[in-house]
Amino acid sequence: MLREIGGQLLIARVYRAVRSSPLVDDVIVATDSPEIVEVCRQNGWRAQMTSLAHRSGTERVHEVSDTVPADVYVNVQGDEPLARAEHIAALLEVLENPAAQMATLKTPCGPSDINNPNAVKVVTDAAGRALYFSRATVPYDRDGAGSRHFKHLGFYAYRKTALDSFVALPESMLERSERLEQLRFLENGIPIYVGETAYDTVGVDTEEDLRRVEEILRGY
């Protein structure tokens, strides 16, 4: 999070992108890193130290939700330097549906990501609810009919009830198998509504990801 990317700290680029949304009332950097908290303090950004025991971003957001009241909590992970205000708008548009307790995003899957296990795919029903998330290639195009594939983007928006439900449930079998936290919701019958965006992102988990994002930023 403290590596430079395109002339800015990665965490700074993400923070400023989220802050640019006119739809959010506040932005909090939730972290278990004293170094990141110090960077936030130096820049005048609000930060909250959270437990070292959290295994997922959803658990970390839940801890914040216990002390910060809000109608909706938006989770933008700190390794998403291509985040933009349009992602926030797409998430919150999904939650205009009062039946939706949780929202996330998808974008058309590029050819290089269809068989890439690091690019999570999502399949949705006719009402826009997620049927499944997988690192495998879903749907499988058995007859070569040209199935559409969608990449899942790791942006989430939750109502408080969804966060409380998540932490009250044990890690699920599918979540453990795919290492995808959102499957805990689906395996327990909690629907996830999925919005679509034209703006793809690259999460920075490796040096290769960092170089890829730098190339994208040079092209802006």
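A salt bridge is taken here as a side-chain nitrogen of Lys or Arg within 4 Å of a carboxyl oxygen of Asp or Glu. The structure is a predicted model, in which local features need pLDDT of at least 70 and side-chain atom pairs count only at pLDDT 80 or more, while totals for chains, interfaces and linings use all residues. Residues are numbered from 1 along each chain as its sequence is written, and side-chain values use heavy atoms, with hydrogens and water left out.

A search of the whole structure gave 16 salt bridges. One network of salt bridges links R55, E59, E175 and R184. Within this group, E175 pairs with R184, with the closest N and O atoms 2.8 Å apart. E175 is buried at 5% relative accessibility, and R184 is buried at 2% (buried, under 20% relative accessible area; exposed, over 50%; partly exposed, in between; 1.4 Å probe, protein chains only).

A further salt bridge joins D32 to R60, at 3.6 Å between the closest N and O atoms. D32 lies in the loop between β3 (29-31) and α2 (34-43) and R60 in helix α3 (residues 57-65), so the pair ties together parts that are 28 residues apart in sequence. Helices (H or I, at least four residues) and strands (E, at least two) are DSSP runs, numbered from the N terminus. D32 is partly exposed, at 27% relative accessibility, whereas R60 is buried, at 16% relative accessible area.

In helix α2, E38 and R41 are three residues apart, about one helical turn. Their side chains form a salt bridge with an N to O distance of 2.6 Å. E38 is partly exposed, with a relative accessible area of 30%, and R41 is exposed, at 57%.
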